[in-house]
Amino acid sequence: MGRTEMKILIGLHRNVNTLDKKTAKIAAEYNLTFSQFMVLEALYSKGDMTVGEVRERILSSVGTIPLIVNNLVKMNYVERLSDKKDRRVCILHLTKDGYDVISKIAPKNEAMIVESMAVLDDEEKEEFVYLLKKIGGKLDEKKSENEGKRLQGNRRSGRKFGKGLGQSDNKRV
């Protein structure tokens, strides 16, 4: 791996870690861990899911998800339901208490993310999403072609990209 690729990877990791720390701080205000917040947020945004689906969504390990879920059940934020088709499958469902707490936290977290990315203008955000999709191989071929041409036009016009989260010319964080 080359030097530039390493800078990209390290930059991505550092920015994600910064956002995760800010999210953990918000979650802690409600006596939740970062992982507990992630489970509640997944259920809040996507609805009922199996334990495995939640684990994949929050990128948790197989070993930690039962502990996270057990604690959320004890807190009365999540309940386990049996799948009508397969009783071996456990479905996670937000309780009213769980819904109440995550509906307070999620908007605060979203506002923090928006604020953190305010250093980028809309066009830079679109380019960033495009580049992430390109790296991940998840681009629609036709859209990819059009986006690539648009971005090439930006580069020819001398438009610069590259400020990190929390970095801008006016030092606003």
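The legends below describe close-up views of a predicted model of one protein chain. Residues are numbered from 1 along each chain as its sequence is written, and side-chain values use heavy atoms, leaving out hydrogens and water. In this predicted model, local features need pLDDT of at least 70 and side-chain atom pairs count only at pLDDT 80 or more, while totals for chains, interfaces and linings use all residues.

**Figure 1. Overview of the protein chain.** The secondary structure comes to seven helices and three strands. Helices (H or I, at least four residues) and strands (E, at least two) are DSSP runs, numbered from the N terminus. Read from that end, the order of elements is α-α-β-α-α-β-β-α-α-α. The chain has 173 residues, of which 27% count as buried; buried means under 20% relative accessible area, exposed means over 50%, and partly exposed lies in between (1.4 Å probe, protein chains only).

**Figure 2. The largest nonpolar core.** In soluble globular proteins, nonpolar side chains tend to be buried together. A nonpolar core is a set of buried Ala, Val, Leu, Ile, Met, Phe, Trp, Tyr and Cys residues joined through side-chain atoms within 4.5 Å. The largest one here has 25 residues, and Val-39, Leu-40, Leu-43 and Leu-72 have the most contacts inside it. At least two residues of this core come from each of helix 1, helix 2, helix 3 (51–58), helix 4 (65–74), strand 3 (90–94) and helix 5.

**Figure 3. The surroundings of Leu-40.** Not counting residues up to four places away in sequence, Leu-40 touches Leu-32, Leu-72, Tyr-77, Val-78, Leu-94, Val-101 and Ile-102. Contact means heavy atoms within 4.5 Å. Across the chain, 56% of the contacts between residues at least 6 apart in sequence join residues at least 24 apart.

**Figure 4. The aromatic pair of Tyr-44 and Tyr-99.** Rings of Phe, Tyr and Trp (its six-membered ring) pair if their centres lie within 6.5 Å; planes under 30 degrees apart count as stacked, over 60 as edge-to-face and the rest as tilted. The count by this rule is one aromatic pair. The ring centres of Tyr-44 and Tyr-99 are 5.6 Å apart and the planes are at 50°, so the pair is tilted. Because Tyr-44 lies in helix 2 (residues 34–46) and Tyr-99 in helix 5 (residues 96–116), the pair ties together parts that are 55 residues apart in sequence. Tyr-44 is partly exposed at 31% relative accessible area, and Tyr-99 is partly exposed at 44%.

**Figure 5. The salt bridge of Lys-108 and Glu-29.** A salt bridge is a side-chain nitrogen of Lys or Arg within 4 Å of a carboxyl oxygen of Asp or Glu. By this rule there are three salt bridges. In one of them, the side chains of Lys-108 and Glu-29 meet at 4.0 Å, N to O. Lys-108 lies in helix 5 and Glu-29 in the loop between helix 1 (3–28) and helix 2, so this pair ties together parts 79 residues apart in sequence. Lys-108 is partly exposed at 40% relative accessibility, whereas Glu-29 is exposed at 51%.

Figure 6. The closest N and O atoms of Asp-86 and Arg-88 are 3.0 Å apart. Asp-86 is partly exposed at 22%, and Arg-88 is exposed at 75%. Lys-96 and Asp-100 meet at 2.9 Å, N to O. They are four residues apart in helix 5, which means a separation of about one helical turn.
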